[in-house]
Structure formats: structure tokens, C-alpha cells
Amino acid sequence: MKNSIKYKLSAAAVTVLVLAGCANWLDVKPNNEQGVYEFWNSKEEVEAVVVGIYTSFRNCIDRITQWGELRGDGVDIGPGQSGNDNWNNIKDLEIRANNNLIKWVSFYTTINRCNAVIKYAPDVLDVDNTFSREACDNLIAEAKWMRALCYFYLVRAFWDVPYVTEPYVDDSMDYAVAKTDGDKILEYIVQDLLSALPHITITYPSEMWQLHGRATIYSAYALLADIYLWQENYEEAAKMCQYIINSEVYSLMPTQNWYRLYYPGNSAESLFEIQWSYAYDQTNSLYGWFYGNPNNNYAASQSVVDLFDSDEEDYGDDVRGVGGSYLANLKIWKYGGTSRGSGNERDSENRDANWIVYRLADVILMRAEALIMIGGDANYAEAHDLIVHIRERAGLEIHPSMPSRESDALDLLLDERLRELCFEGKRWFDLVRVAIRDDARYKNKLINILLKNVAAADRPLYESKLNNVYSYFFPIHEDDIIASGGVLLQNPYYQ
């Protein structure tokens with residue numbers, strides 16, 4: 001947390017690790033899969049395991065949505081989870097170490113698969129003459145990118161977490177791993193990504209899902225830019241974003257085709273999406289979570305509705321508002337329809353929406369944020385142009401002027417990110433990133449945003465919690481604390 005606080009906060013069958021309450025803190029299952037890494041004999045087997053990393057990452061989608069949205073002001077809890085104490089406790093900032101929504105097993109399972117590829121893929125060079133060093137390095141670079149992405153989610157959710165780079169393959173290994181400082185983990189994954197850049201695939205043929213569903217140099221730039229914003233390295237963040245913009249590989253979807261971001265997905269704007277396809281018997285729960293009739297888990301918040309209502313009153317119609325991102329009944333539409341408007345509901349064969357991790361509009365707004373933080377008239381002017389560019393794509397023709405103060409400019413930027421990226425797992429992380437920078441100089445932005453729709457009688461309690469920046473990060477689940485045998489210490493706010 002930038003020195004402000006001492007404790008900062010079906011592909012191949014492969015060994016699966018579980019970080020949960022079990023005999024060992026890290027457990028291996030089942031026995032007949034142990035040692036499978038020793039028997040890769042061809043480049044095809046390595047490639048299959050790499051594809052399996054992306055398959056494994058699908059299992060992180062519930063945590064990505066819960067961690068990225070529940071505590072923010074973008075969503076309310078829908079009827080499907082209104083009686084769920086775990087959900088309500090997170091929304092109400094009453095987070096306890098026995099809350100199952102904070103379990104991180106899916107991320108460490110994916111990390112373990114990445115570690116296996118990074119360690120064992122080079123061994124296959126000795127047994128398969130058709131497996132070139134270049135191809136091997138490309139696959140390792142993909143694994144490093146996915147490992148970095150997983151750790152980035154973990155750091156943003158918990159800050160200090162165990163940093164594991166060796167694959168766990170049998171019970172002879174030491175399973176008790178202490179936490180590593182979140183700042184150090186961000187440094188490590190930046191170095192990993194920089195080492196991967198010379199080897200990672202530049203692009204795939206545009207007609208193939210890999211262009212949007214596998215790591216490329218541009219998704220690596222996007223991840224680096226995102227991390228650099230958290231590290232307050234704004235020059236490098238702006239540079240990474242500009243590489244993507246200058247590449248002309250990606251383009252914003254035209255206003256009239258904006259909804260194609262979500263259906264059918266894999267649009268010209270998308271850098272990386274978690275993939276599903278009904279044609280291959282792959283569906284997910286996004287339709288039910290966000291739109292399910294009547295028991296959706298998430299609903300559009302009044303803050304989002306008010307933001308779009310005030311914007312349209314002053315500046316015109318926005319395709320991202322009602323009928324686009326959400327419906328008048330507050331059901332979230334990005335994963336529920338086939339086009340704008342409530343009459344275009346997905347049928348059972350189209351409930352395979354992808355989850356977008358990075359897209360060009362996000363990158364453009366990241367660059368705008370970096371330029372605001374760098375400061376200066378020219379950077380402010382460019383940041384305003386970038387924000388206007390996103391608004392114009394949304395169909396707006398009139399725009400607010402650029403504030404002259406950094407704080408006000410960040411408010412403009414955060415509002416635009418909420419309009420553009422609502423319900424995409426970004427909002428809580430956006431608020432925390434701005435709140436903790438520069439020794440938590442802007443934490444009142446997070447506090448004031450979250451207090452808007454809190455009853456006056458409850459505000460003092462909420463404010464007292466939010467004044468402690470440790471509270472922005474989750475506790476480690478008590479099962480993992482116990483199973484580590486005392487090696488893993490609880491995050492300081494929850495001790």
C-alpha cells in the first residue's frame with residue numbers, strides 16, 4: 001500500500017491443489033494424479049495443460065464478481081441472495097473470517113497449474129524434438145501472465161497473501177507458507193510480466209477465439225498498466241496503455257453495436273475474456289446471477305441509476321444506461337440479453353456469456369487516470385479527450401468540462417468508469433486503488449461514495465470502519481489460518 005502501512009494489507013488432467021481447511025493447508029488430490037508432471041512427453045501435452053489453465057480460471061468467476069462488486073456502490077444484493085448472511089455481511093462491511101465468500105481456493109488451484117507449466121515445460125524439450133524453445137517460451141509466458149493475473153486479484157482482495165511459485169505435486173513438500181507483503185508481490189508479478197513480454201504471442205488470427213481468450217502481448221500490457229496504477233507508477237501505466245492504443249489491433253465498438261461487447265462477445269474491443277461456448281456444452285451462471293427471473297443475485301444500485309439519470313438529463317441519451325447495462329426493474333442486462341432492450345432475452349442456448357477482463361475502453365480510461373495523476377495542462381487535456389472519446393462512443397454529444405483540480409478530475413474519471421464498466425467486477429477495486437494512493441489521501445472519496453445510500457443513523461458506524469484502510473481488504477478464511485499451523489497470520493484489521 002505504497003509504504004503507508006507496515007502490514008499491507010477440459011484440458012489435461014493435472015494435479016489440483018486446494019487451499020482450504022484440510023489435513024494439510026495445501027492438499028493434493030487424488031493420489032493417482034500425483035507426479036503427472038513427470039510424464040509430459042510431447043508439446044501437445046504441454047499445450048493441453050496451458051489451455052487447462054484458462055479452463056481452471058473459469059472457476060474464479062464467482063469470486064471475481066463478489067470481490068469486485070459487492071462492497072462497491074454499483075450493485076445491490078438481489079432477491080436470490082437477500083437472505084444470505086455471507087452476502088449481507090460483506091455488503092454491510094461486517095466481514096468475518098468464517099465467511100465462505102472469501103475462500104481463495106480457485107485462484108491458488110489455477111496458480112498451481114501455472115507453476116507446473118513454468119517449471120516442467122522445459123523438460124519436454126528433451127523428449128520431443130518437435131517442441132521448439134520458442135514454443136516452450138511462449139507457453140511459459142502465457143502461464144506467467146495468468147499467474148500474475150491471479151495474484152493481482154488476490155492482492156487487491158487481501159493485500160498480503162502467500163506467494164507460491166513452486167508446483168505442489170506430493171505430500172513431501174512443505175505446505176505451510178507465510179504471507180508475503182502485497183507491495184512485494186506486485187513487484188514480483190511486474191518482473192514476471194516484463195520477462196514474459198519478449199516471448200508472449202503478439203496476436204492470433206482474428207477469426208480465432210484465442211485472440212480474445214488467450215494471453216497476448218496486449219493483454220500483458222493491460223495487466224501491467226493496471227498494476228502500475230496500484231503502484232503509483234503513472235508514467236509506465238500511461239505508456240503501457242498507449243502501446244495498446246497505438247497497436248490498432250483493437251477498436252471501440254460503434255455506438256449502434258455497443259451491446260455486441262456482451263453478445264455474442266469476443267468483439268473487436270476485447271483484449272481478454274474468460275470463454276464459454278454452448279456449442280461445446282459450456283455454460284455458466286452469469287445469466288442467473290445478474291438477470292435470473294425472479295431470483296437474480298445482483299441488481300443495479302440506485303447509485304448507478306442516479307448517475308445515468310443525471311447524465312442523460314444534462315448531456316443526452318447514453319446506450320449504456322437503462323435498456324443497455326440494466327433494465328427499468330434494476331435487473332442487470334449485460335449478461336441477460338442478445339441486444340439492447342428487455343424484449344431480447346437470452347434463451348437457454350445462449351447462456352454462455354463470456355466475462356470480460358480487459359477491453360479497450362478500460363485501457364483508455366486507465367490512461368486517462370494515469371495522465372491525471374501525472375498532472376500538467378497537456379496531460380489534463382489529453383485525459384479529458386480520452387474520457388470524451390468514451391462518452392461519444394456511448395452516444396453522448398455534450399460533455400462536462402475538465403476540472404482543474406486533481407481531486408475533481410478523479411471524480412470525473414471514477415464516474416465515467418462506473419458508467420462504462422458497471423457490473424464488470426471493477427468498481428470496488430477502482431475505489432480502493434484511488435483511496436489508498438499517496439498515503440490514503442483520497443480515502444474520503446471511497447467513504448463518501450459508499451455513504452450516499454446509507455441511512456443517516458447508520459453512517460457513523462460505517463464511517464468508523466471505512467476510516468481504517470485495513471478494512472478495505474478481506475480477512476483470510478479461518479480454515480486456512482488453522483490449517484497452516486500458525487504460519488499464516490490473520491490480516492491486521494481482523495486480529
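Biologist: Which residues line the largest cavity?
Modeller: In this predicted model, the largest cavity is lined by I64, L149, Y153, R156, W355, I356, V357, Y358, E424, G425, K426 and F429; a cavity is a set of points, on a 1 Å grid over the protein atoms alone, where a 1.4 Å probe fits but cannot get out, and lining residues have an atom within 4 Å of a point. Residues are numbered from 1 along each chain as its sequence is written, local features need pLDDT of at least 70, and side-chain atom pairs count only at pLDDT 80 or more, while totals for chains, interfaces and linings use all residues. Side-chain values use heavy atoms, without hydrogens and water.

Biologist: And how much space lies in there?
Modeller: The largest cavity holds about 80 Å³, taken as the space filled by probe spheres set on the points, which are joined across faces, edges and corners.

Biologist: Which elements give two or more residues to that lining?
Modeller: Those are α5 (133–158) and β8 (355–359), and β8 supplies the largest share, 4 residues. Helices (H or I, at least four residues) and strands (E, at least two) are DSSP runs numbered from the N terminus.

Biologist: Switching topic, how do α1 and α4 pack?
Modeller: Helix α1 (residues 43–57) and helix α4 (residues 105–120) pack at about 170°, with their axes 9 Å apart, so α1 is roughly antiparallel to α4 (angles over 145 degrees, on a 0 to 180 scale between N-to-C directions of lines fitted to C-alpha atoms over the stretch in contact).

Biologist: Which residues meet there?
Modeller: V49, V50, G52, I53, S56 and F57 in α1 meet F107, T109, T110, R113, C114 and V117 in α4, with contact meaning heavy atoms within 4.5 Å.

Terms used. 1 Å grid on protein atoms, 1.4 Å probe; cavity = no way out; pocket = protein on both sides within 12 Å on 5 of 7 lines; lining within 4 Å. Parallel < 35°, antiparallel > 145°, perpendicular 65-115°, else oblique.
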